[in-house]
Amino acid sequence: MTVEPWTVKYRPGTSRDVAGNKTAIEKLREWIDSWSEGRPTKRAALLYGPAGVGKTTVSEALAQERGWDLVEINASDKRSGEILSKIAGLASTQSTLFSKGRLILLDEVDGVNLREDHGAITTILQIIKDTQYPLVLTANDPWDPKIRPLREACLQIELKRLGVRDGLPLLKSILSKEGVKTTDDALRFIIDKDRGDIRSILNDIQLLSGRNRTLTMDDVNLLSGRDRTESVFEVLRVIFNSRTVAAARRALSISDLDQEMLFQWIFENAPYQIPKPDELERAISALADADMYFARIRKTQSWHLLSYALDLMTAGVAVAKQTPTSGWVPMKFPQRISSMSRTRMSRDLRKRVGVAIGQKSHVSARRAQQLYLPLIRFAYEHSPEKFEQIAVWLEAKDELNEMLSAELK
Ligand SMILES: Nc1ncnc2c1ncn2[C@@H]1O[C@H](COP(=O)(O)OP(=O)(O)O)[C@@H](O)[C@H]1O
Ligand SMILES: [Mg+2]
């Protein structure tokens with residue numbers, strides 16, 4: 001069950017569809033068009049600004065609108081050295097009367113790794129000197145000392161964070177196409193919280209409105225401490241995709257979520273984010289251990305155990321997952337939160353199911369619900385035979401069927 005991310009679905013097709021930064025985009029457009037009267041003095045433009053404001057999108061859209069070939073390289077790519085020398089060739093080839101135009105995009109030049117590729121900046125400067133085609137460089141941080149030699153050689157154009165004035169109409173139009181009811185205050189809140197980073201904003205609104213097709217302050221408040229520094233989405237992405245313990249732990253430092261809330265998020269999403277059953281089993285068992293520590297900490301105030309619990313729920317999950325998810329898998333709301341909006345009947349049903357599982361697996365009904373329901377739900381959606389087996393073993397086939405089909409409605 002892979003869903004198309006809204007960042008892809010609503011990627012602006014033309015530069016006019018790009019929200020905000022009109023003057024900057026116009027400046028870039030004029031500079032690109034000035035090439036038709038011969039090479040301008042500045043042969044490269046440095047498009048800079050924070051992540052997710054449209055630097056890559058604008059460059060690609062402008063090339064596409066003109067029907068030009070786009071030669072693109074991400075400078076933080078490991079093989080950028082090799083590719084750069086190929087690009088040098090493509091850039092300096094004299095155009096003939098009949099050849100197509102070309103835009104050369106060196107994306108994220110501030111990400112270039114000078115230790116692995118120490119000649120990179122010199123190579124880029126040489127490309128700027130020789131190029132017969134407009135060269136667009138992008139950077140998050142134009143003041144990075146690494147790229148200082150490049151600044152002088154470029155026409156500098158800043159893309160600013162998106163504000164409410166340009167953000168609101170964009171988000172409203174997307175949400176109305178998706179049939180999601182929303183309110184201005186909720187959207188303002190999200191724009192502000194994600195500091196105008198449209199990639200994060202789109203991820204957040206997609207996640208938030210998936211719950212019940214609304215996006216109001218209620219939905220927003222559910223997952224936010226008042227000033228979350230990073231979207232939950234980002235935090236989970238870090239946890240599920242880290243390869244090292246240290247990287248997974250970093251997720252805690254970027255999250256303002258209450259620790260047990262974060263636990264719920266990780267727990268709920270693990271079955272979807274970890275496709276391999278044996279890896280999932282290891283992750284769930286790390287989470288079960290973390291849960292046990294949390295319980296002990298609450299009961300006996302043994303705070304020295306906290307770091308174990310936190311490591312288990314972040315790093316324990318990260319190292320259990322070895323196989324990457326294929327495609328983009330959307331994040332789910334923790335059951336504990338979303339069940340608040342469910343009917344009491346469904347809650348009773350959950351309890352009955354919990355009791356059934358508990359009896360079989362010798363744990364409390366509450367813990368059974370917490371630990372096993374996500375797995376069973378996962379089997380229900382993805383593997384009918386496995387679900388059948390489990391349901392029969394639990395002697396709770398009817399209850400499970402009734403509950404899960406109601407949930408998925
Ligand atoms: N100004 C914008 N208007 C509309 N959508 C945008 C804008 N900026 C970014 N996006 C959305 O965010 C995604 C990422 O944008 P991108 O161009 O990769 O940002 P950057 O290169 O600045 O990090 C795009 O695919 C698009 O969906
Ligand atoms: Mg980019």
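Visitor: How far is a nitrogen atom of ligand 1 from a polar backbone atom of Val53?
Guide: This is a predicted model, in which local features need pLDDT of at least 70 and side-chain atom pairs count only at pLDDT 80 or more, whereas totals for chains, interfaces and linings use all residues. Residues are numbered from 1 along each chain as its sequence is written, chains are lettered from A and ligands numbered from 1 in the order in which they are written, and side-chain values use heavy atoms, with hydrogens and water left out. A polar contact is a pair of N or O atoms within 3.5 Å; within protein, one must be able to donate a hydrogen and the other to accept it, and residues adjacent in sequence count only if both atoms are side-chain atoms. A nitrogen atom of ligand 1 meets that limit with a polar backbone atom of Val53, the distance being 3.2 Å.

Visitor: How much of the accessible area of ligand 1 does the protein cover?
Guide: A nitrogen atom of ligand 1 is 2.9 Å from a polar backbone atom of Ala19, and an oxygen atom of ligand 1 is 3.0 Å from an N or O atom in the side chain of Arg199. Accessible areas come from the Shrake-Rupley method with a 1.4 Å probe, and for residues only the protein chains shown count as cover. Of the 560 Å² that ligand 1 has on its own, the protein covers 95%.

Visitor: Which helices each supply at least two residues of the shell around ligand 1?
Guide: There are 17 residues around ligand 1, and those that come nearest are Thr7, Gly52, Lys55, Thr56 and Thr57; a residue is near a molecule or strand if one of its heavy atoms lies within 4 Å of it. Helices (H or I, at least four residues) and strands (E, at least two) are DSSP runs, numbered from the N terminus. The helices that each give at least two residues to the shell are helix 3 (55-65) and helix 9 (198-209).

Visitor: Is Asp194 buried or exposed?
Guide: Asp194 is placed in the loop between helix 8 (184-193) and helix 9, and its side chain reaches the backbone nitrogen of Ile201 at 3.5 Å. Buried means under 20% relative accessible area, exposed over 50%, and partly exposed in between (1.4 Å probe, protein chains only). With a relative accessible area of 9%, Asp194 is therefore buried.

Visitor: What is the phi of Asn21, a residue that is not a glycine?
Guide: Asn21 is found in the loop between helix 1 (6-9) and helix 2 (22-33), and its relative accessibility is 18%, so Asn21 counts as buried. Although Asn21 is not a glycine, its phi is positive, at about 50°.

Visitor: Which residues is Ala288 in contact with, leaving aside its neighbours within four places in sequence?
Guide: Ala288 lies in helix 14, and at 15% relative accessibility it counts as buried. Contact means heavy atoms within 4.5 Å. With its neighbours within four places in sequence left aside, Ala288 is in contact with Arg367 and Leu371.
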